[in-house]
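Please look through the model below before reading my comments. I have kept them brief and in numbered points.

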Amino acid sequence: MLIAASLGLTAHSSPFPADQLPPASRTFAFTYQVHIPPTKDAQGKMLLWLPLPQQDAYQKFQDLQIDSPVSHSLGRESEYGNSFAVFEPRPAQLNSGFDVTVRFVATRLEHRVPLDGPQAKIVAANSAPPDLQRYLEPDKLVPLNGVISDLAAQHTSGDTTELAKARHIYDYVLATMRYDKSGEGWGRGDAIWACSSKRGNCTDFHSLFIGMMRASGIPARFEIGFPLPEAKAEGDIPGYHCWAEFYLNGVGWVPVDASEAWKNPAKRDYFFGAHDTNRVFFTYGRDLRLSPDQHGDPLNYFIYPYAELNGKPVSGLQTHFSFRDVSSDTRSSSR
């Protein structure tokens, strides 16, 4: 079932001037699979939500297909506009278990914002100023007072521009945090935990960064998707990756990937102002309520499937993610 058109997706104007070389790009086929094990003697109503990819100036997709014996509908989460598919299995399907497979072909463009020259104003010149208020407010696990506010004030003291503040916050996160997924506590994006433990994964790095930015009065937002291995043309993807953007007046949204910069120190400067092509973007934001039918707590973030049975969260969902690079010649011949 092809559904891209029904999501209301349209082509966006290019943020790049005609005389500028086109950015690096990567085209790939992506597969998102979910298996819902049998729920014997289940009674009542089950709902399953799956995130769908974003389409913007730096990511286009086509041939989006959703395959499952269970019927579904499409929706959008109200706060950030994230798209999703929601499934409601019949009792027999719930008792026997079922599968869902989402496939699409995407092209990811390098998102790079020059911060030291006139090209920095390209994005702002081609887009209307967004509503930034939500990106100045706290999230459940990203408070803006106490230690977060104190750290932000300490590490931006004397800065006279938002760009200088942003760079000093970025440098502080890289100097303080280490990428370490041992033990427990990491991966929740708990900015206070990140302050005390000084370690974690991409969620923890960017929660600390976003909290300090917002506490400094600079809008910042959380984005999540999946990484694409740079040195492989196809394969499985074990889990998600997330990153951030902050907003500069007169410039627009500026990309940041602090955890990738930590893992690759040679790209420390690059990832302050750039996202490479080795990723696929799905959803914005934290504390997400997907629809009025969701009865559980808001989701910390939304990249994996979420299900409820009689309003209670369901565990044990099984996932598999994979990709395959697609050449432009292959795409042309398949049309």
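This is a predicted model: local features need pLDDT of at least 70, side-chain atom pairs count only at pLDDT 80 or more; totals for chains, interfaces and linings use all residues.

1. Residues are numbered from 1 along each chain as its sequence is written, and side-chain values use heavy atoms, with hydrogens and water left out.

2. How many disulfides are there? The count is zero, where a disulfide is a pair of cysteine sulfur atoms within 2.5 Å. The closest cysteine sulfur to that of Cys242 belongs to Cys202, and at 3.3 Å it is too far for a bond. Cys242 is buried (under 20% relative accessible area, with exposed meaning over 50% and partly exposed in between, using a 1.4 Å probe and protein chains only), and its own value is 0%. Cys195 is buried as well, at 10%.

3. The largest nonpolar core has 72 residues. Such a core is a set of buried Ala, Val, Leu, Ile, Met, Phe, Trp, Tyr and Cys residues joined through side-chain atoms within 4.5 Å. Phe30, Phe209 and Phe246 have the most contacts inside this core. Helix 6 (residues 202–215) gives the most to it, with seven residues; helices (H or I, at least four residues) and strands (E, at least two) are DSSP runs, numbered from the N terminus. Another core, of 17 residues, lies apart from it and includes Tyr80, Tyr135, Tyr247 and Phe302.

4. Phe321 is in strand 18 (residues 318–325) and is buried, with a relative accessible area of 3%. Along the chain Phe321 and Phe30 are 291 residues apart, yet their C-alpha atoms are separated by 7.6 Å. Not counting residues up to four places away in sequence, Phe321 touches several residues, among them Phe30, Phe226 and Tyr304; contact here means heavy atoms within 4.5 Å.

5. Asp159 sits in the loop between helix 3 (147–155) and helix 4 (162–176). Leaving aside neighbours within four places in sequence, Asp159 is in contact with Ala164, Lys165 and His168.
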